[in-house]
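Please keep the view open as you read, and take the points one at a time.

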Amino acid sequence: MYRTHNCNELRIDNVGEQVTLSGWLHSSRDFGGLTFIDLRDRYGITQLVFSMDDNAEMCEMARKLGREYVIQASGIVRERSNKNPHRATGDIEIEIKSFIVLNSSKTPPFTIENDTDGGDELRMKYRYLDIRREPVKENLIFRSRCSLEVRKYLGENDFIEVETPFLIKSTPEGARDFIVPSRLNKGQFYALPQSPQTFKQLLMVAGMDKYYQIVKCFRDEDLRADRQPEFTQIDCEMSFVHRDDILNTFEGLTKHLFKTLKGVDLGEFPRMDYDYALKYYGSDKPDVRFDMKFVELNDVAKGHDFSVFDDAELVVGINAKGQSKEYSNKAIKKLTEWVKRPQIGAKGLVYVKFEEDGTIRSSVGKFFTEEQLRSWGELMDAEAGDMLLILSGETDKVRKQLGELRLEMGRRMGLMKPDDFKALWIVDFPLLEWDEDEGRFFAMHHPFTAPKKDEIEKMMSGDFDTLKNLKADAYDLVINGAEIGGGSIRIHDRKLQAKNFTLLGFTPEEAEKQFGFLMGAFEYGAPPHGGIAFGFDRLCAVMNNQNSIRDFIAFPKNNQGRDVMIDAPDTVDKEQLIELGLSLREE
């Protein structure tokens, strides 16, 4: 056998045993008559000892081994004289009697260490080496454990796992589809699914009652740290349920995962209305680990001949508690430059400092009296030492800008504790979004989302303003400012679904061509149903206080959507294109 134990298995109780280990040479050290090798495998590291006095020839051979050589070594477990309390096997070492090289290794292009000298592109090119590093390896192990716990919880709650197709038809809503040509049906194309949405609804029509799937999804969209062209969802659907049935079930799943995998009790999840979230946090995924809610100042700040406020739709601010002393004029200037960056887009920043000595300093002090500024402080619960930060402009834009500033101040003030997890549900989203450029409505979630029950009549007969204000029976799960999952109660009536397609700009013929199979299924006794999809990669990242989902994906793409390890996408042979009935246009 290649090994009797793995490299994290031996302890002080094994002293005196004859053992065989196999793994990678992590590091080596020569000290006169002794050579020490740290042998690594997936499980951990064990120290090997070669002695010139015991076997000089073997010791010389060991000294010629390079990093990442794969070796098999046999010897006797003995107690270490210089123990390593930071390593699970740190009380013992192996006195080596024989070893063989199973495979040599070129010098790796970067060090296989926790803190490596390899950049992102280099590590992605050699991802199979990057995975040997402890942080990436542990992320993938965590992901595996998480998927097992998801299956365990849902299985115990009567969900059944059903696989749905990857080769489906393209639909016009949402992100761009990845298209796959059909050899057997030339001139026609499959699409890779952005989600299994219609299939899981069909499974409810089929009477499956509770479905789930840990499934790959594909979206051809611009990439960033928390977005990949292929990603994984925990996809779920339930029949004969109202919104609260779904929220309670998946609140339970989330609590189970955090408790089992992280030892964290999340407590109850508050439910926050979408409109409330935008008004007080400027985001539909607020980070509620800290307060710092928005306070609207139109009533006290407008009408004083300060055009920046008077000409604005909204004047709104936050109270940065205890920050008055922390921000000099130079620091405030830098903060102003920060909010004026194109990524934020604010035109400027107004501050009001409530100094420890009771005085007030402000960038708009010549436009407003001290009494007026003090009234702002009263509205915003300001105390000595606090600093108000105020923006103004168009309502939607300024709320988003202040939301970004709030998060930045939360980071600077140390209010985002990494071991603090705060989850909540955002509910009552708008059903529709009006796009001025397109001149039509889009679905806020997707075309199959049901309006709230008391909104159905308005949806069927309402005018433009009524339609703009329709509320959906939709919900998102947010943890620490990250959207972890989203879902809704679905439309299960053909007439209502057809009406929604009409509102979204589909002609009856287009709706029938794209989704006739689903609307036809609704005519055969479709039950009331709803569901949710968790971003599995993002959930793993948030649970481990990491921003990028790439480190929880074994072989991710870079920011251009390329797999630099296998060099994909790539060209295909001309013969293959002919077989598919395709030709490339020459530029």
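This is a predicted model: local features need pLDDT of at least 70, side-chain atom pairs count only at pLDDT 80 or more; totals for chains, interfaces and linings use all residues.

1. Let us begin with a pair of strands. Strand 14 (residues 350–354) and strand 15 run antiparallel and are joined by three bridges.

2. Five strands make up an open sheet in the order 12-13-16-14-15, and the pairing is antiparallel. Which are the edge strands? They are strand 12 (295–296) and strand 15, each of which pairs on one side only. In general, strands of a sheet pair through backbone hydrogen bonds, either parallel or antiparallel.

3. Strand 13 (residues 314–320) deserves a moment of its own. Seven of its seven residues are buried, so this strand is largely enclosed by the rest of the structure. Leu314, Val316, Ile318 and Ala320 point one way, while Val315, Gly317 and Asn319 point the other way, and all are buried.

4. What does strand 13 pair with? Strand 12 joins it in the antiparallel sense over two bridges, with glycine 317 of strand 13 as the bridge partner of valine 295. Strand 16 (residues 387–393) also pairs with strand 13 in the antiparallel sense, over seven bridges. There, alanine 320 stands opposite methionine 387 in strand 16.

5. Next, turn to the aromatic side chains. The whole structure holds 24 aromatic pairs. One of them joins phenylalanine 306 and phenylalanine 368 edge-to-face, at 6.0 Å centre to centre and with 80° between the planes. Phenylalanine 306 lies in the loop between helix 8 (298–301) and helix 9 (307–310), and phenylalanine 368 in the loop between strand 15 (360–362) and helix 11 (370–379), so the pair ties together parts that are 62 residues apart in sequence.

6. Phe306, Phe309, Phe367, Phe368 and Trp376 form one aromatic cluster.

7. Arginine 406 lies over the face of phenylalanine 290, at 4.0 Å from the ring centre. The charged end of arginine 440 sits over the ring of phenylalanine 442, 3.8 Å from its centre.

8. Further along the chain, look at strand 20 (residues 474–479). Is this strand mostly covered or exposed? Strand 20 is mostly covered, as six of its six residues are buried. Ala474, Asp476 and Val478 lie on one side and Tyr475, Leu477 and Ile479 on the other, so to speak back to back, and all are buried.

9. Strand 20 has partners too. Five bridges join it to strand 17 (residues 423–427), and the two run antiparallel; here tyrosine 475 is the bridge partner of valine 427. Six bridges join strand 20 to strand 21 (residues 482–489), again antiparallel, and valine 478 has glutamate 483 of strand 21 as its bridge partner. In the hairpin of strand 20 and strand 21, two residues lie between the strands, and asparagine 480 takes a positive phi near 50°.

10. Finally, a look at the surface. Tyr2, Ile100 and Leu102 make a nonpolar surface patch of about 300 Å². Tyrosine 2 is placed in the segment before strand 1 (18–31), and it counts as exposed because its relative accessibility is 57%, where the cut-off for exposed is over 50%.

Conventions: Residues are numbered from 1 along each chain as its sequence is written. Side-chain values use heavy atoms; hydrogens and water are left out. Patches are made of residues with over 30% relative accessible area and no salt bridge: like charges are joined within 9 Å, nonpolar side chains (Val, Leu, Ile, Met, Phe, Trp, Tyr) within 5 Å. Accessible areas come from the Shrake-Rupley method with a 1.4 Å probe; for residues, only the protein chains shown count as cover. A salt bridge is a side-chain nitrogen of Lys or Arg within 4 Å of a carboxyl oxygen of Asp or Glu. Helices (H or I, at least four residues) and strands (E, at least two) are DSSP runs, numbered from the N terminus. Buried means under 20% relative accessible area, exposed over 50%, partly exposed in between (1.4 Å probe, protein chains only). Rings of Phe, Tyr and Trp (its six-membered ring) pair if their centres lie within 6.5 Å; planes under 30 degrees apart count as stacked, over 60 as edge-to-face and the rest as tilted. A charge sits over a ring if NZ of Lys or CZ of Arg is within 6 Å of the ring centre and within 35 degrees of the ring normal. Two strands pair if DSSP finds at least two bridges between them.
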